Amino acid sequence: MLTMIALLAVRSVHRGWGCAAAFQVARNSVVSTPFLPHPSRRSIGHHQVLASPIISCNDAETSLAKIIKEAYEDRETDGVQDIIRANQVVEQLSTKGDVNAVADELVNAAVEASTSNKSLAAILNAILAACCDSNRSEETESVALAILELIDEMHDEEESSMIEPDIVTLSLVYYLLCNLSSHKESAQLILERAQQMSKKAAGSSRRRALAAERRKGINNAKLDTKEAEKQLQSIYGPDIHILHDSDDLIVLSKPAGQVCYHTKKTSAGKISAKRKKMKKGAAPDDDGSKVDISLEDCLLDMNFALSTVNPVARGIVHRLDRGTSGCICVAKSNEAHLKLVASFFLRRVTKKYLAIVRSPSSPLQQEGVIDALVGGKPATSKYRVVSTYHGDGPSSQGVTLLEVETLTGRKHQVRVHCAESNGLGLPIIFDPLYSSFQPPAPVSRRKAKKDLQRNKRGKADNTEETDQSSLPKAISDLEGTMVPGQERFFLHAQTLIIPEFDVDVQAPLPEWWTATLDQLER
């Protein structure tokens, strides 16, 4: 039945590695009452499950499972977190019984509210997230530990019905336990569990890479930020910047066209001395192939020590699309990585973007809120009109510079909210996915040679180019400068604020942005 991922996390730690005694000691230090079967259990499958408790919600008595179900159907995990916080559910339950009873009631309410393992896992993550905001911190951490042990016991009964914990589950529990000195041992077990889970998922390729890294020798001494930035810019261009550097994390401004990481390694992503001398990380190689060095690889090449918790990409906590430039946070330590994942899930990170779109026929309101589904999930953004630029003539359409703040973290959220009719209905300029713009396709060396021969014979392909003539000349002229296969569009992650790590940075605009805006302002 799992789904109650929280507990499964520690289960593998204290059972798989023989650390059960250590976990029990940590738990007993804050949970004085032994776990006892509740007298009002009912049966769900092979498990005995409590009926959902009745709580006070909006001055009325109602079932906890009912309000969780309604909140999840309305706004998924954000809705569950908000309803539990707003009604102080953990605090209400804590006044009625010990921490074991509170954990029991929360877990069983989640079971009643869910319709699938996936929704149950998400609801439990949301409950743990709400615990992070509880005012009763000492009791809340104890409740989280009790939830973990309860789910572990359920998993022992019927292992086949469980699902594995994800990085969000482990991160939220770790975040909770790190706040109290009495839970340091339990927090360490969660960290070890996350590291072991990542090691298993990453497989032999990660182990070989880490072994090679150890042989190479990582410079654990803090690199000089200015010198490191200068080296990065000499190889990957002027639009890469180091905005914040500490022992825990590094925040960079990523150039458009650079991918955060590669899910599959190819020769295009390999770093060599020859390619470093090319000065541009995305220029074509001598053999016509495309150089495609990721942000992850360029940081590792610079000897930055990056976390290993993410099995797919070292240090990557969140991502930007290839064509988007601006702020991205990369974790250096595994401890920081888990805390960062929790901070993003708890919506304690502020992200603001700049985007350029075509000006609408009717002026936009100066600011507003977009509340529309993205990928079938609820998503909310706030926008503000920064500037409006007129066209070059009667037939030329103007463009508008927007600031967009994402209040949720959906994939392609800003791009969808700008483009879709239930949002602004104004696609970001040069967006190859959500606008009519088609970037130039990569051309192999062989095809380029054939095209040249056709041109000489007067038989060039009659391909129709994307019409950007209605845009200001400063914008339309950029189309001719597009490098085949190098994606870039007018979306820039300008601001990133992470209070947990004292991060408050703004990424400078890329050079091609500033040149365009300068022309538009003339």
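Is Cys 418 buried or exposed? Select Cys 418: with a relative accessible area of 2%, Cys 418 is buried (buried means under 20% relative accessible area, exposed over 50%, partly exposed in between, with a 1.4 Å probe and protein chains only).

This is a predicted model, in which local features need pLDDT of at least 70 and side-chain atom pairs count only at pLDDT 80 or more, while totals for chains, interfaces and linings use all residues. Residues are numbered from 1 along each chain as its sequence is written, and side-chain values use heavy atoms, leaving out hydrogens and water.

Now show the whole protein chain. Of its 522 residues, 53% are buried. The chain has 17 helices and 13 strands (DSSP runs numbered from the N terminus: H or I of at least four residues for helices, E of at least two for strands).

Next, select helix α3, residues 64–86, and helix α6, residues 117–132. Their axes, lines fitted to C-alpha atoms over the stretch in contact, are 7 Å apart and at an angle of about 20°, with angles running from 0 to 180 degrees between N-to-C directions. The two helices α3 and α6 are therefore roughly parallel (angles under 35 degrees).

Colour the contact between them (heavy atoms within 4.5 Å). On the α3 side, the residues include Ile 68, Tyr 72 and Val 80; on the α6 side, they include Ser 119, Ala 122 and Ile 123.

Last, look for disulfides, pairs of cysteine sulfur atoms within 2.5 Å. The count is 0. Select Cys 131: the nearest cysteine sulfur, that of Cys 132, is 7.1 Å away. Cys 131 is buried, with a relative accessible area of 2%.

Technical notes: Angles under 35 degrees count as roughly parallel, over 145 as roughly antiparallel, 65 to 115 as roughly perpendicular and the rest as oblique.
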